[in-house]
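Subject: Handing over a structure

Hi,

I'm passing a structure on to you, with some notes on what I found in it. Please have a look at it first, then read on.

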Amino acid sequence: MNEEVMQLKTDLHRLTVELIGNCKYCSLISSNVEYKTPIYCTKFTGPIHPTCVNVTTCLSCQEYKGS
Ligand code: SF4
């Protein structure tokens, strides 16, 4: 893969962890930068069956801001 694209994906992943990682409903963020829905959210389906969401979902949800 193009090295610059890979770098961008890595940067986006790091920003995702920094921004969303503190959300009280976020149980895990996949370290696979190719994964389109890397955020495991427990808000809607509970901790046993987290929903896999992407950054766009979190940005519109905004729950990460309050925790
Ligand atoms: S979707 Fe909302 S509640 Fe779920 S992890 Fe993202 S910001 Fe948190």
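**The shell around the ligand**

Helix α2 gives the most to the shell around the ligand, with 3 residues. (Helices are DSSP runs of H or I with at least four residues, strands are runs of E with at least two, and both are numbered from the N terminus.) Before I go further: this is a predicted model, in which local features need pLDDT of at least 70 and side-chain atom pairs count only at pLDDT 80 or more, while totals for chains, interfaces and linings use all residues. Residues are numbered from 1 along each chain as its sequence is written.

In total, 13 residues surround the ligand, and the closest are Cys23, Cys41, Cys58, Cys61 and Glu63. A residue is near a molecule here if its C-beta atom, placed from the backbone, lies within 6 Å of it. Both β2 (39-41) and α2 (55-61) supply at least two residues of this shell. By type, the shell divides into 10 nonpolar, 1 polar and 2 charged residues. Nonpolar means Ala, Val, Leu, Ile, Met, Phe, Trp, Tyr, Cys and Pro; charged means Asp, Glu, Lys and Arg; the others, Gly among them, are polar.

**The chain and its sheet**

The protein chain has 2 helices and 3 strands, which run α-β-β-β-α from the N terminus on. Its C-alpha atoms fill a box of roughly 40 × 25 × 15 Å, taken along the principal axes.

The 3 strands form an open antiparallel sheet in the order β1-β2-β3, where two strands pair if DSSP finds at least two bridges between them. At the edges are β1 (26-29) and β3 (51-53), each pairing on one side only. Neighbouring strands are turned by 30° against each other on average, direction ignored; the axes are lines fitted to C-alpha atoms, and angles run from 0 to 180 degrees between N-to-C directions. Between β2 and β3 there are 3 bridges, and tyrosine 40 has cysteine 52 in β3 as its bridge partner.

**The core, and two residues to look at**

Of the 67 residues in the chain, 13% count as buried. A residue is buried if 20 or more other C-beta atoms lie within 10 Å of its own, exposed if 12 or fewer, and partly exposed in between, with C-beta atoms placed from the backbone. The largest nonpolar core has 8 residues: Ile20, Cys23, Tyr25, Cys26, Ile39, Cys41, Val53 and Cys58. Such a core is a set of buried Ala, Val, Leu, Ile, Met, Phe, Trp, Tyr and Cys residues joined through C-beta atoms within 7 Å.

Isoleucine 39 sits in strand β2. Why does isoleucine 39 count as buried? Because 25 other C-beta atoms lie within 10 Å of isoleucine 39. Leaving aside residues up to four places away in sequence, isoleucine 39 touches Ile20, Cys26, Ile29, Cys52, Val53, Asn54 and Cys58; a contact means C-beta atoms, placed from the backbone, within 7 Å.

Asparagine 54 lies in the loop between β3 and α2. Asparagine 54 is partly exposed, because 13 other C-beta atoms are within 10 Å. Beyond four places in sequence, asparagine 54 touches Lys36, Thr37 and Ile39. Asparagine 54 and isoleucine 20 are 34 residues apart in sequence, with 10 Å between their C-alpha atoms.

Best wishes

Definitions and conventions
Contact = placed C-beta atoms within 7 Å.
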